[in-house]
Amino acid sequence: MIVGDLHADSKQPGGRIDDWPKTSLSKLINLGRLSIEQEAQVIFLGDLFHTPRQESHSYMGELSKILTTKFYKIPYSIVGNHDIQYNNMGWLDRSAIGELFLSGCLKHLERLELDKCIIYGASFFNPFWIKQTLPKTDKIQILIGHFYHHTMGASELVGKKEMLEDSVMAQFKYTFLGHDHTPYEPYSYGDGMLYRPGSLGRISADAGNINRDTPNVYILEIDDNDGYTSIWKEEVPNIKPIEEVFTFESIQKHTDEAFSEIASFAKNFKKLLLGKKVDYRELMEQAFLENDNIDQSVRDNVRSIIMSTISQLGGQV
C-alpha cells in the first residue's frame, strides 16, 4: 500500500479548525485498519512529519504505538524534505522520523528485495543510486521517491533537484512519487508507469490540498508465482471535507492568491508577446487549459484576454 505525505505534527497549524495532532493520529489509525483489511504492507512516500523535530513525547509515544500495533505490519518509509533538518541526511538520527527508524517503529526503505520484485527507496536528500545504472535482473524493479515530475502544474517554477526525469524512471517498471500533494492520473514513460496518490494529510489550504476531498492510496499486488501485477486505488475512510477542517479565511486566502496570480499573468502577457516569439496555443495550454486547479469560469475569462491580446497584436488564434 503506497501512501502519500501525512505531515503529522504535534503542533496545530494555522488555518485548520480541528485538532490536527489528534486528526493526524486518527488518519494513521484509519490507514492501519485499511492495511489490515487489504493485508497490505504500507510504504510512506516521505514527509511523514511536517517538521523534523516533535517536542511532544506523548504525541510521539502515541504515534509509535499506532505504527507498531494498528497496522498489518510495521510500515516502511523514505525521507521527505519536511522530515529532516538542513537538507542533510546526517541529521537523520536527530529527527522524529530517525527516532522511529532507530526504535524499530518504522522501517527505512532503501532497497528491499522480494521474490518477484526489488523496491528502491529514493529519499529527498539521498537518492544516490538513481544516478547509477542498476544491475540487470528478471525481477520487477520499483521506485519509491519523494520528488516532483515535469507533468505537474507550474513545474517550471520548481528547482531541478526536486524533479525526477523520465530518463531516470526508465529503469523501473513502476514509479510512485510523493512530495506533490495533488493526485494525478497514471502517467506512462517507455515501458513503465508513474503513480502519484497525492497527500494523506492536508496541513495547509493550498491548491493541492483544497481541490480534493478524499485521499487515495495505491495498492500494488505482485503474484508470487508468475509475477503478474495488479495496481488499484483505495479510498482512505473517514476523511472530512475541507469545510470541516479549514477556516473560511484560509480557503478564501488561497482563492484570492490564485486570482492575483492570474491577474498578474494577464497584465504581463502583452509584454511577453512583444518581447519574444511565442507559440500562442502551447502557452495557453501550459498556463491554463490543462491546469485543473483553476476554476473553469476563471480559465474562460483568461482565455478571452489572451485571445484578444493576440488579435490586437496581429497574431492568429
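Buried means under 20% relative accessible area, exposed means over 50%, and partly exposed lies in between. These terms are used in the legends below, which describe a predicted model.

**Figure 1. Gln12 is in the loop between strand E1 and helix H1.** With a relative accessibility of 39%, Gln12 falls between the two cut-offs and therefore counts as partly exposed. Leaving aside neighbours within four places in sequence, the contacts of Gln12 are Asp18, Asp19, Trp20 and Pro21. Lys22 is 10 residues from Gln12 along the chain, and the C-alpha atoms of the two are separated by 9.5 Å.

**Figure 2. The whole protein chain, for orientation, has 8 helices and 12 strands.** Of its 317 residues, 48% are buried. Among contacts with a separation of 6 or more, 63% are between residues 24 or more positions apart. The chain exposes about 16400 Å², and 48% of that area is supplied by carbon and sulfur atoms.

**Figure 3. His7 and Glu39 are two residues other than glycine with a positive phi.** The phi of His7 is near 60°, and this residue lies in the loop between strand E1 (2-3) and helix H1 (20-38). Its relative accessibility is 1%, so His7 counts as buried. Glu39 has a phi of about 50° and lies in the loop between H1 and strand E2 (43-44). Is Glu39 buried or exposed? Its relative accessible area is 59%, so Glu39 is exposed.

**Figure 4. Helix H3 spans residues 96-103 and has buried residues along it.** Ala96, Ile97, Gly98, Leu100 and Phe101 are buried. Which elements cover them? The cover includes helix H2 (57-69), strand E3 (76-77) and strand E4 (107-108). Just after H3 comes Gly104, with a positive phi of about 85°.

**Figure 5. The largest nonpolar core has 36 residues.** Met1, Leu31, Phe44, Phe49, Leu63 and Leu100 have the most contacts inside this core. H1, H2, H3 and E11 each supply at least two of its residues. H2 gives the most, with 5 residues. Around Leu100, not counting residues up to four places away in sequence, the residues touched are Leu48, Phe49, Met60, Leu63, Ser64, Leu67, Cys105 and Leu106. Another core, of 17 residues, lies apart from the largest one, and includes Tyr76, Ile140, Ile144 and Tyr195.

**Figure 6. Gln141 is found in strand E7, residues 140-146.** Gln141 has a relative accessibility of 10% and so counts as buried. Lys173 is 32 residues away from Gln141 along the chain, yet the C-alpha atoms of the pair are separated by 5.7 Å. Beyond neighbours within four places in sequence, Gln141 is in contact with Ile118, Tyr120, Leu134, Pro135, Gln171, Phe172, Lys173 and Tyr174.

**Figure 7. Thr175 is in strand E8, residues 174-178.** Its relative accessible area is 0%, so Thr175 is buried. What does Thr175 touch, not counting residues up to four places away in sequence? The residues are Leu143, Leu164, Met169, Tyr189, Met193, Leu194 and Tyr195.

Figure 8. Strand E6 (117-122), E7 and strand E11 (216-222) each supply at least two lining residues. Which element gives the largest share of the lining? That element is E11, with 4 residues. By class, the lining has 16 nonpolar, 2 polar and 7 charged residues.

Note on methods
Residues numbered from 1 in each chain as written. Predicted model: local features only at pLDDT ≥ 70, side-chain atom pairs only at ≥ 80, totals over all residues. Heavy atoms only, no water. Buried < 20%, exposed > 50% of the residue type's maximum accessible area, 1.4 Å probe, protein only. Contact = heavy atoms within 4.5 Å. Areas by Shrake-Rupley, 256 points an atom, 1.4 Å probe, with all protein chains shown as cover. Nonpolar A, V, L, I, M, F, W, Y, C, P; charged D, E, K, R; others polar. Core = buried A, V, L, I, M, F, W, Y, C linked by side-chain atoms within 4.5 Å.
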